[in-house]
Amino acid sequence: MTDSRGPQPQYEGYATGPLPGEREPAPAQASGPYHPPQAYPSPAGGTQGGRPQGTQGGAQASRRPRTGARTTPRTRKARLRVAKADPWSVMKVSFLLSIALGICTVVASAVLWMVMDAMGVFSTVGGTISEATGSNEGNGFDLQSFLSLPRVLIFTSVIAVIDVVLATALATLGSFIYNLSAGFVGGIELTLAEDE
């Protein structure tokens, strides 16, 4: 089979020319100040900003910045919407926060009991109540034994456990209710600003 297309042109630029890494760098431009490219070249004898524009050695005079230009950066703001609250994440966060609140409640009640005992509140109030409720056959109601520290801590711990269960359940239920209402009204809108 013979080639009937005839002689084909040779691409000598690729065959004999240097590779891109072997090329010599382009000659540097004439030394002088750098002038960035402009979209619309100004006329040679025209005016710019109400002032005549002169030339020095064929080059344009440098532009003067406007004095009324804004120099302070604007704070960026974004308007976002809370479209859905994940019930599982709400339950975890509310559980941890209610545990922390329960621990604070137990510690605060213990500190308050110690302060009141050091001030003599229980002995004074207990003596008054025992005298008021006492009779010839008995001594009356003993407030100090009823409000002892272990009994107060047990009662406070029970209250804290109930608080943990109720707060976790109510927060999770609240996230479900929020998701239902956000489907109708769109949810809560927040405006966030970037801190400069």
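Tutor: We can start with the overall layout and then go to helices and single residues.

Student: What am I looking at, and how are the residues numbered?

Tutor: This is a predicted model, in which local features need pLDDT of at least 70, side-chain atom pairs count only at pLDDT 80 or more, and totals for chains, interfaces and linings use all residues. Residues are numbered from 1 along each chain as its sequence is written, and side-chain values use heavy atoms, with hydrogens and water left out.

Student: How many helices and strands are there in the protein?

Tutor: There are 5 helices and 6 strands, where helices (H or I, at least four residues) and strands (E, at least two) are DSSP runs, numbered from the N terminus. From the N terminus, the order is α-β-β-β-β-β-α-α-α-α-β.

Student: What share of the residues is buried?

Tutor: Of the 196 residues, 13% count as buried. Buried means under 20% relative accessible area, exposed over 50%, and partly exposed in between (1.4 Å probe, protein chains only).

Student: And what share of the contacts is between residues 24 or more positions apart?

Tutor: Among contacts with a separation of 6 or more, 69% join residues 24 or more positions apart. Contact means heavy atoms within 4.5 Å.

Student: On to α5. What span should it have, and what does the model give?

Tutor: Helix α5 covers residues 149–185, and its 37 residues should span 54 Å at 1.5 Å a residue; the end C-alpha atoms are 51 Å apart, which agrees. The expected span is 1.5 Å times one less than the number of residues.

Student: How do α2 and α5 pack?

Tutor: Their axes are 8 Å apart, at an angle of about 155°. That makes α2 roughly antiparallel to α5. Axes are lines fitted to C-alpha atoms, for helices over the stretch in contact, with angles from 0 to 180 degrees between N-to-C directions; under 35 degrees counts as roughly parallel, over 145 as roughly antiparallel, 65 to 115 as roughly perpendicular and the rest as oblique.

Student: Which residues of α5 are buried, and what covers them?

Tutor: The buried residues of α5 include Val152, Thr156, Ala160, Val164 and Thr168. Their cover includes β5 (77–82), α2 (87–119) and β6 (188–193).

Student: Which are buried in α2?

Tutor: Among them are Pro87, Ser94, Ser98, Gly102 and Trp113. The cover of the buried residues of α2 includes α3 (121–133) and α5.

Student: What does serine 98 touch?

Tutor: Serine 98 is in helix α2 and is buried at 4% relative accessibility. Beyond its neighbours within four places in sequence, serine 98 contacts Asp163, Val164, Ala167 and Thr168.

Student: And asparagine 179, buried or exposed?

Tutor: Asparagine 179, in helix α5, is buried, with a relative accessible area of 19%. Neighbours within four places aside, asparagine 179 is in contact with Lys84, Ala85 and Pro87.

Student: Where does leucine 147 lie?

Tutor: Leucine 147 lies in the loop between α4 (143–146) and α5, and at 28% relative accessibility counts as partly exposed. Not counting residues up to four places away, leucine 147 touches Trp113, Phe122 and Val152.

Student: What follows α2 and α5?

Tutor: Glycine 120 follows α2, with a positive phi near 80°. Just after α5 comes glycine 186, with a positive phi of about 100°.
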